[in-house]
Amino acid sequence: MKQQILRYLQVPHLVLSILIFSCIATLLTVLWLGLWAPMQAKYERFNREGLSLRQDLMTSRNRIAMTDQAATTEAALAKLDAKRAKPTTQADLIAEIGILVQRSDVAILHSDNLLEQQADGISWFRQDITIEGSYAAIRYFLQLAGSTDHLTLIEQVDWVTGKANAAQKARIRLATLFGPQGGDQ
Amino acid sequence: MWNRRNRLGIAVSCAEIGVSLQSGWGKEIQSEQASHNMRMRDGDLNGLAAALGPLLDKFPAQVRRADTIVQVALPDPIFQQAALRFDEFPTSAQEARSLVHWRLKSQLQLKNNNSAAGYLVTSQGRDTQTGVLAQMAPQSVVDAVAAQLWQVGLVPSAIDGMSRYLCRPQPARAGAVYWHGAGWWCLRPFDSTGAPQPHFAAWLDAENHPPSEQVMRRVQRVLGSVDGAGYLDTISYGVASDALKPVAKLAQELSIDQTAQKLGNWKTAAARVADKTNTGMSVIPAPRNYAALAALAIYLGCVILIGALWLKTSDFWQIRAKTLQIDADNARISAQLEQESTALAQSPTRDEIENLRQRVDWYNNQISNGAHPLIDHLDLLEKALPDNVRLNALFYDRPGRYLTLSLMSGEEDALRSAYAGLSQSYSQDFSASVDLERQVTLDSSGARIYQYDVRISE
């Protein structure tokens, strides 16, 4: 067999074909090892880095969004704190309602109030009032009551609107949260 | 290129061996000869390798190449010939060789099966029989030649009688070629078309023995049997010119043209063997030459590799472009991250976030933060309720995060439509559910009033 192979390896065109094949194979190997494989490795490395960077960017964006949200929340809380900490008394709050009644052109039929003081210096001042007026007047009163300088909430409304142009009555419970003055929770 | 294979002629006589190498273009490169001690008459070829080896060493290395055509000529008495005719002759060379072998053994009445046969088609017509000149040699001789040649790195392509390489017919003329010398004589008749007829060959008593009377009678008989025999060519080797005078005399008596040719040395005989391609009388089939096939397969592999190279190159440029793009993208993202790192430096700490969360929770607990103020409900109701549907009563509870409505209308369809509109508006704007708690129908002064009590939960 060895002798047969040696005989074939002396045939010029066979040797030439083997040489050409070897040259191309060598070229392929050299290109593979020297060019393609490093480029493929570089491509995969950059891809991995890209994925990592995108994740970092997403994390960064999330943190920035969280920072913005925290700032917004902080501002809203500061506004609530400011309203709550504004110095006031029961008399001031009752008087304030009186002013709102006058501005909205409704009449007070009944009024009652209750102060609840909590251990942490926080107080709830609740006013149950029954007012009478047109739909628009009662609506305006409710709008004013919900946007005072104090942290006053409309907790409950029992409103029988009845006929369109007739005088309407609404029982309203307003709750104002205040104190401790100059501090927060 | 593929057909231009070098040819090596090996001529073996009873005392000498000649080797001649010719290029594929027919040019004689080198010829050598040497004497040997083999007993050819007994079919003894055991010393062939020993005689050939030193001779071949004088030749260039290409002589042993796989694609070299090696033609071996042996003394003619080793071969027996016969003319055969076939009604149907196989087209496959292998089948034809088997059929000829079988017929030849039958015709020559040989019981010994150990023989090798070759043939040459001499006449062939569409509606006529196929004429074949067939010859046979002992298998032991053929095997011995192959084995001895292999010992010196050669594979025989053809094994034939010496006179087939030396004797050339005159075109379209009947006659005969007479060979005398090197230990045997041989007469090869040709018919009027130049087709060869079975030869007559026999060993000489001595290597340089002149033709005997018996031989001359045989030659005369054969020439007489050839229709219109017009020539007798004599080729001799190693005998004195006078020794062949009886042959010339015979030709004169028969009034046929006679020529005489004398080989100067055995190298010339070997050159004749190398020069002529065997046309089919060889007793062995030509071995397959795998060099061309292997080269073709390798070139095919080259084409595949070039294809792979081309594809891979194309792939490479694509990957390179993608890599550059990714690199640019990564640089852009890195720059963005660099920019954002300033903003991130001001981001709240975990403790600050926790503090904020606690403050938000505290407010949510205290004031039910997140529930929509009543004014927002009123805005929505004023938009959603048509004129023919009246809001009769409303109850708002912020801590309970619900609102109940009492809607009235003289038209039930309008009320139903208003309810559907409210459901859709609250679902979209407040993400709140609207449930119908009660339906009431009232009769008032002959007119019907419909009432829906609706609960809206946030």
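Tutor: Helices (H or I, at least four residues) and strands (E, at least two) are DSSP runs, numbered from the N terminus. The model is predicted: local features need pLDDT of at least 70, side-chain atom pairs count only at pLDDT 80 or more, and totals for chains, interfaces and linings use all residues. Residues are numbered from 1 along each chain as its sequence is written, chains are lettered from A and ligands numbered from 1 in the order in which they are written, and side-chain values use heavy atoms, with hydrogens and water left out.

Student: In which loop does B:Ala182 lie, and is B:Ala182 buried or exposed?

Tutor: Phi of B:Ala182 is near 60°, a positive value in a residue other than glycine. The loop that holds B:Ala182 runs between strand 9 (175–181) and strand 10 (184–190) of chain B. Relative accessible area sorts residues into buried (under 20%), exposed (over 50%) and partly exposed in between, with a 1.4 Å probe and protein chains only. At a relative accessible area of 1%, B:Ala182 is therefore buried.

Student: What is the relative accessible area of B:Ser431?

Tutor: B:Ser431 is also a residue other than glycine with a positive phi, near 50°. Its place is the loop between helix 11 and strand 16 (433–444) of chain B. B:Ser431 counts as exposed because its relative accessible area is 64%.

Student: How many aromatic pairs does a search of the whole structure find, and what is the geometry of B:Trp362 and B:Tyr363?

Tutor: Rings of Phe, Tyr and Trp (its six-membered ring) pair if their centres lie within 6.5 Å; planes under 30 degrees apart count as stacked, over 60 as edge-to-face and the rest as tilted. Over all chains the search gives 13 aromatic pairs. For B:Trp362 and B:Tyr363 the centres are 5.0 Å apart and the planes are at 80°, which is edge-to-face.

Student: Which parts of chain B does the pair of B:Tyr419 and B:Tyr452 tie together?

Tutor: This pair is edge-to-face, with 6.2 Å centre to centre and 80° between the planes. Both B:Tyr419 and B:Tyr452 are buried. B:Tyr419 and B:Tyr452 belong to parts 33 residues apart in sequence, so the pair ties together helix 11 (residues 412–430) and strand 17 (residues 447–457).

Student: Over which ring does the charged end of A:Arg126 sit?

Tutor: A charge sits over a ring if NZ of Lys or CZ of Arg is within 6 Å of the ring centre and within 35 degrees of the ring normal. In chain B, the charged end of B:Arg103 is over the ring of B:Phe86, 4.5 Å from its centre. The charged end of A:Arg126 is 4.9 Å from the centre of its ring, that of A:Trp124.

Student: At what angle do helix 1 and helix 3 of chain B cross?

Tutor: Axes are lines fitted to C-alpha atoms, for helices over the stretch in contact, and angles run from 0 to 180 degrees between N-to-C directions. Helix 1 (residues 48–57) and helix 3 (residues 139–151) of chain B have axes that come within 8 Å and cross at roughly 35°.

Student: Which residues of helix 4 of chain A make the contact with helix 3 of chain A?

Tutor: The axes of these two helices come within 9 Å and cross at roughly 145°. Contact means heavy atoms within 4.5 Å. From helix 3 of chain A come A:Ile97, A:Leu100, A:Val101, A:Arg103 and A:Ser104. Helix 4 of chain A contributes A:Ala137, A:Tyr140, A:Phe141, A:Leu144 and A:Ala145.

Student: With which residues is A:Ala145 in contact, leaving aside neighbours within four places in sequence?

Tutor: A:Ala145 is in helix 4 (residues 135–145) of chain A and is buried, with a relative accessible area of 0%. Its C-alpha atom is separated by 9.1 Å from that of A:Glu96, 49 residues apart along the chain. The contacts of A:Ala145 are A:Leu100, A:Thr152 and A:Leu174.

Student: Which helix of chain B is included in what covers the buried residues of helix 4 of chain A?

Tutor: Those buried residues include A:Ile138, A:Arg139 and A:Leu142. From chain A, the cover includes helix 3 (90–104), strand 2 (123–133), strand 3 (151–160) and strand 4. From chain B, the cover includes helix 10 (374–384).
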